[in-house]
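Here are my notes on the model below. Please keep the structure open as you read.

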Amino acid sequence: MQHRKTRIPRRRAALPMAVLAAGALALSACGNGDGGGSGGGGPEQAGLSGDLAEVYDINAQDPADLQEGGQLTLPIGHLGPNFNGLTNAGNAADTRQILSAVHTASAWRLDPEGDYVLNEDYFLSAEQEITDDGTQLLHYELNPEAVWNDGTPIDFETYEHTVAIRSGAEEGYDLVSTTAYDQIESIEQGEDEWHFTITMAEMYQPWQSIFNAGSTGDSPIIHPDVDTPEEFNDGFVNDVRPEYRAGPFTVDVMDVAANVISLVPNENWWGEEPVLERLNFAAYETSATIPAFQNGEIDAVGIATRPRYEELTEWSDEGYDIRRGQRMATCGFVLNGDATTLDDVAVREAIFRVLDREQLAAIQFEGINWEEDTPGSWLMMPFDDRYEDGYPVEDDDPEGAADVLEEAGWVFEDEGDEYRSRDGEELRVVFNTFGDDPINQAMTQAAQSMAAGVGINLDINNQGSGQFGEVVGNRDFGLVNMCYGKAGADPTSAPNQFYSTGDGNLTGLGDEELDERISELFGIEDDDERFAEAHAIEQAALSTYFHYLAYSNGPVITAFREGLANYGPSLFETRDWTLVGWESDAGHDGTDTGVDAEELEDTDEEDTDAEDSDEE
């Protein structure tokens, strides 16, 4: 039998490396109003250093014992507009949460501690082979039942097509990540279309990150008909394109005017049937989520700050469960190296020095009894034994910040000046913020005051929560406060997203020397050695560029309507939406409140285009 074999063109070493290997780290604006299900609860003492079992609580129940049907309505910060999570414009936590129910074609799932478990809905086997000459081969057997929603088989052609695009060999695709895929030398069909082998050009670890979505659970593969940069980059704007998806749920209606997308069980799904008959995501500003929960419009609400916790618990202490969990994310400030004044490394270093990170975290955690050490790394969670703190300078050091600015020529040119200048240009840094969460506003004002103390004008530009994805995806910001959710426990791919010269590095700051070290990182087979080198790369990048400033991990504290099962804080575990439902004695099934699907109307593409034109 003649087997197909596709060789992937290799990039020249001088070209910049791209980003992340295994499902990109998903971005989200720093806020405390989400009900995204990593949530937790209560005023009792908790912290990052505690027993991890205490911050895992999904109210696990046998799905056979749950009510059949019902609906669940969850809040998100924004709806799209780009629903291709593999693009920079679509790489947002809210988008990935929606896709995690409708697009689940991944080789692996993660358990709570981040270990890989084969996803048998799509793969029957996946194995690594190292030949006598050191060549790394990856052998896969696909589940022949797996199909795209349009009926196209998810066979060798799908994976051949995915590798061709995600390798970066074809120009014009707005990829968050090419890592791992750009290390593939060839992909070859086996005995039939359900078997194939990948040959790596050089050793790549962890090999399971290929075709893996991580804890987010949305799919890393691409439908064969999405075959042009235009279709890939722009074809999913204001349209989920359910025909190009595969998962337990599919889109029933998306009403952009109502800011709601409503999902139903997918009749083409071959796996376990979902318990719920409808799953809704509704976009709200943070300030509107608690009233929406009280009015029965949504079934979960984030209350991870004292004002929000008190607002809900003083209203009523019945009808909901509060669950507290570890937020699997690192939050901090991202500094755009192409923005005005931030193109000066001295300005960025001064911001690193002047901000009191403990005070910022204290504002975030005040009144919720959460304790943690201030993180100095974006790569791993501090409870991991192999975590290292890479913060490059002493923070809360206004004198050091002032010295750095003086040496770079940023001075108070005239007596009585509030802010420093250089050659007549005021030291102004645009601080982009989103939404109306009062705690975030307090943190923003605190950072602004700290910076003003050394003559830096942090000029706040606040926009609605719905603008976050577009502004950040297009790198149309100066300094932004945001969080990166962890795709898994292994940090290998993160330096490529944060510290390479690839498009996924939102700061635009990197160099060929770091790129080379990052490319060699994936060839280190020993986990401990590889993790140590990842941290060393981070420390070198931060001390050179001062571009990613971490200040917290934090909890997620969420109130859920009473009786919600198999949903909640789950550490690294990939959510299985088929198991989520309502307990038999909950007294409700979610249909008495939440979204009335009959009142929703599918958004017409022409209406969306008109709205976009009006906004412009």
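1. Start with arginine 561. It lies over the face of tryptophan 582, at 6.0 Å from the ring centre. Arginine 241 has its charged end over the ring of phenylalanine 236, 5.7 Å from the centre. A charge counts as over a ring if NZ of Lys or CZ of Arg is within 6 Å of the ring centre and within 35 degrees of the ring normal.

2. A word on the source. This is a predicted model, where local features need pLDDT of at least 70, side-chain atom pairs count only at pLDDT 80 or more, and totals for chains, interfaces and linings use all residues. Residues are numbered from 1 along each chain as its sequence is written, and side-chain values use heavy atoms, leaving out hydrogens and water.

3. How many aromatic pairs does the structure hold? There are 33 aromatic pairs. Rings of Phe, Tyr and Trp (its six-membered ring) pair if their centres lie within 6.5 Å; planes under 30 degrees apart are stacked, over 60 edge-to-face, the rest tilted. Take phenylalanine 333 and phenylalanine 431: the centres are 5.7 Å apart and the planes at 75 degrees, so this pair is edge-to-face. Phenylalanine 333 is in strand S16 (residues 329–335) and phenylalanine 431 in strand S20 (residues 428–434), 98 residues apart. Helices (H or I, at least four residues) and strands (E, at least two) are DSSP runs, numbered from the N terminus.

4. Check burial next. Phenylalanine 333 is buried, at 2% relative accessible area. Phenylalanine 431 is buried too, at 1%. Buried means under 20% relative accessible area, exposed over 50%, partly exposed in between (1.4 Å probe, protein chains only).

5. Now phenylalanine 352 and phenylalanine 546. Their ring centres are 5.5 Å apart and their planes at 80 degrees, so they are edge-to-face. Phenylalanine 352 lies in helix H6 (residues 345–354), and phenylalanine 546 in the loop between helix H13 (527–545) and strand S23 (548–552), so the pair ties together parts 194 residues apart in sequence. Both phenylalanine 352 and phenylalanine 546 are buried.

6. Look at helix H5 (residues 306–315). Its buried residues are Arg308, Tyr309 and Leu312.
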